[in-house]
Amino acid sequence: MSAVDFASVNRKSILYGIIVLVFAIFSVRLFQMQVINHEIYDEKSAGNSIKPIEQIPLRGVFYDRNMNVLVDNIPAYTLRITPAYYDTSLNKVLDKVLGVNPGFVQSILKRNQIYSKYIPIRVRRGIDFSIVSWLEENSEFLPGVDYIVEMQRGYPYGVMGSHLFGYTKEVSAQQLEKEKDYYKPGDYVGHNGIEKQYEKDLRGEKGFHYVLVDSRRREIGRYKDGQKDKESIKGRDLILSIDGDVQKVAEEEMRGKKGAVVAIEPSTGEILALVSSPEYDLNQFSYITSKDFLEELYSDPDKPLFNRATMSLKPPGSTFKILAAIAALDLGVITPSTTIYCGGGFTFGRFFKCHGSHGSTNVIHAIEKSCNTFFYNLIYKIGLDKWKEYATKFGFNQKTGIDIGEEAAGFIPDEAYYKKLYGENWPRSIMASLGIGQGEVSVTPLQLAKYVALIANDGKTFKPHIVKGYLDNKSGEIIPYQFEKIDLNIRKEVFDIVKEGMYLVVQGAGTATHLRNPDYHISGKTGTAQNPHGKDHALFIGYAPSENPKIAVIVVVENVGFGGTHAAPIAKKMMDAYLLKDKLKNQKTNTVQPVIAGAQVED
Amino acid sequence: MRIDYKISDKFDFKIFIPVTILVLIGLAAVYSSTLNNPAAVNNFEKQLFATIVAYIVFFLTYAIPTNSIKFISIPGYVLSIILLLTVLVIGRKISGAKSWLAFGPFGFQPSEFAKIGTILLLANFLTRLNNNIDSFKDILIALAIGFIPIGLILLEPDMGTSFIFISFILIILFWKGISLLGLFVVLSPGLVAVSSLFGSVPFVASLLIVLVALFFFKKDLFFSGSVFAINLAAGFFTDNLYNALSPHQQARIKSFIDPMSDPLGTGYNSIQAMVAVGSGGFFGKGFLQGNQTQLQYIPEQWTDFIYCAIGEEFGFIGAMIVLSLFLILFLRLLNIASTTKDEFLSLVVVGVLAVYFTHFLINVGMVIGILPIIGVPLPFVSYGGSSMVVNMFMLGIVMNIFRTRKNYA
């Protein structure tokens, strides 16, 4: 070891080496950060400071076929809690202020625990303005509590439409998982009815405003003066085939009854009215639904949530006689002049009774009088499988594919079914009841509506639907949706014959002569579906005007008895509302207040 | 003796120009990072003022007779110690440390000033030794000169500055010619102290290494025992010191051990600093265009994190220019140190180099995420009047030495 190392070349080299080494390490590190991994940091930096703020578009509104607004958007206050800043000791206070059951706020917070605590949770929509002022006054004592103005659904035409329109509710965790590209917790989505089926049309497209936030997430200003902002696009305004007035009449007539009503335009398959009764108040769903309301609906023995128009399955009763008549005529197993003798019943293994002795009856009068004996005989002439073939042609035993989702397919038996059930020698006597629409045959009111439409329009219509199209916001034009065309390819003469029978049901000596009126002719068929659990279900199918059908109606009223008495008058009122619209309006303006006519004008 | 009248012979532009460019870049970065920041109103103006003062100090120091540098070493050191004691009593507390002396609207950090006093006195003492420092007594005296200010600064407490002191003292000793054993005696307590921070196992392990090393040096029992005792004491002293630290400093040490342990707390600055630099890319986001800087993601960025603003707004190019300017400065200082014939002046130049270099190493290393967060400013660039004036004062000393370098045989 040399004695003097001061400022030796060695030591200089070491310091030199250290300096250059540090420079080299720093340079490499900078190159790695700023050139190689630049994008990772850049993304983080952008995410840090640019916050996208969702712009929720207005949901599309519903117009009826006459451009009356049935469903629109109305502003409402929504109370929100941001859990990160919220003090749970406020739960009780909020429960009291909101006027809800104790524990309500807590339960909502609990349900939303799975989401980031920085996302505000909607606690209650549609809060009263007095609550809003209370929030404003006490905001300093309410950390993490705020309110926003949101749009909720309004129903300005006075139409309930509970099973038609459906309601929106906060997106579920499962749906969120499936469509996380679009929905965020707290978004509203259509839950059933048209709201669900046309969700993608109705919701529009979310927009984003980009704002700059500082390190404390405070908003400082617009990012690039809003150049990068994407404006939201309003949802499509749907034009429904529904006639608000017919729907309203149907709802009024069905109030207090259980059952379903469907009105349809025969030539187009457009649903004019669809009611399932009892209904429920959609307005309740505009708020954050208190559990109580849903539970109430679930536990109601009358099952208001159940859409009877598309889901309830019942034997069609005598309304099904038309089907057998068409099948028989089309197959040529009878002619219009073929008569069958009715002595009050029919014996096949056992005795099947008729409600009278109709004597020698041809098909027209058999329909007019609803002669059971004629149709007991007829189904044997047709054969079970052929009969099913025609039923299937008319759309039974399958879903109609209507555009409101939930639907039942119903059931039409065939030989294979009975063979499976009873063996090769299944009792052929079973068939007799099927001929008059009783027994193991089940249909939905909607299927019957399609069936009437097909009869009224000589076997041609379109798939039943509720939405005609949407209004193009730019051009103001109506863009129609396309629906599948249906053509049964059955000769017009066949329809002419059964339609004569149906004409006589009302206009002749039939079972619904009380519908006769001076303004137009109604054709129809009454029915009574046997109910082993209680009083029979009343049915009526019909259309009007008989000469040029514009509206076909099917009415089912549960547990009331005979169809002509209980179902047919409801159909008549709906036909009036549709066919005599102008006349009724004039009456109203003349007799009540002229102001009302003005109030009904929509812009 | 031949006298060269060319100005470049009396005034080293290879130092002055890089430093001046660094000062200008620093001013731009301070302007950018304090713009629209309510917490830093007038900071740019203050920095501009301090810079002008600093340049005046620089030229004055440049002009004084060179031998007066040696004369101020003892009074300078004593004054430093007095000021460090004063600040502990009447100092102003800024971000957890009592390091500021206030004079009306002005304030300064005695610990900055103490760097000069310590360098000068240590150089003065070492110059008196004719040979290498390998006697135990010499080492102890040298260490004592350093440890008095370090101890006082640790009491403020200011970890970063203490670390700077340790580093430049070691480099000065190294330059003087400390033996391997001497270096071991000086370094080992520091290493043991750092290991003790990581827990008892590394602490015991480092003590064992010291034992093995002592055995290797084959010195007498008294010497070995004393060195071991110093090491042991250093470990326990660190432990006590750690407990005496303020929570924010403990947190900093914790995040030094595991920086990502708390991304929103103590690790926050480190992560945001790296995001700022990395997102700058090759060309940078442009002056006043860095969102990390402009949106104040890093608290008090204009001081210790100024290099982020440069990295973000001027990109890889800007960051490399700053690195290169420092490289030129350091190599030039090293060159002057090794060509200066006078031992005292040479040691002073190395001391100045060591101060600049350790600041640079810790500051940039921290910003680019390869060293823990230790708050020290980047010389000539960071906001801070005391640091700017003291750095320019030291540069003036170096330039003064350069001016008269040919006067010594």
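## Confidence in the model

Helices (H or I, at least four residues) and strands (E, at least two) are DSSP runs, numbered from the N terminus. Over residues 592-603 of chain A the pLDDT is below 50, and beyond near neighbours in sequence this stretch has eight contacts in the model, where two residues are in contact if their C-beta atoms, placed from the backbone, lie within 7 Å.

This is a predicted model, in which local features need pLDDT of at least 70 and side-chain atom pairs count only at pLDDT 80 or more, while totals for chains, interfaces and linings use all residues. Residues are numbered from 1 along each chain as its sequence is written, and chains are lettered from A and ligands numbered from 1 in the order in which they are written. The mean pLDDT is 87 for chain A, with 94% of its residues reaching 70 or more, and chain B averages 85, with 91% of the residues scoring at least 70. The model as a whole scores ipTM 0.89 and pTM 0.62.

## Chain A as a whole

Chain A has 25 helices and 23 strands, and buried residues make up 42% of its 603 residues. A residue is buried if 20 or more other C-beta atoms lie within 10 Å of its own, exposed if 12 or fewer, and partly exposed in between, with C-beta atoms placed from the backbone. Among contacts in chain A between residues at least 6 apart in sequence, 71% join residues at least 24 apart.

A:Ser318 is found in the loop between helix H13 (308-311) and helix H14 (321-331) of chain A, and it counts as buried because 27 other C-beta atoms lie within 10 Å. Leaving aside neighbours within four places in sequence, A:Ser318 is in contact with several residues, including A:Ser370, A:Gly437 and A:Lys525.

Helix H14 of chain A is mostly covered, as ten of its eleven residues are buried, among them A:Lys321 and A:Asp330. Just after H14(A), A:Gly332 takes a positive phi of about 80°. In helix H18 (residues 415-422) of chain A, by contrast, the number buried is zero of eight residues, so this helix lies largely in the open. H18(A) is followed by A:Gly423, whose phi is also positive, near 95°.

## Where the chains meet

In the contact between the chains, 34 residues of chain A touch 39 residues of chain B. Helix H1 (9-36) and helix H2 (38-49) of chain A each supply at least two residues of the side that touches chain B, and H1(A) gives the most, with 15 residues.

By class, this side of chain A has 19 nonpolar, eight polar and seven charged residues. Here Ala, Val, Leu, Ile, Met, Phe, Trp, Tyr, Cys and Pro count as nonpolar, Asp, Glu, Lys and Arg as charged, and the others, Gly among them, as polar.

Note on methods: pLDDT = per-residue confidence, 0-100.
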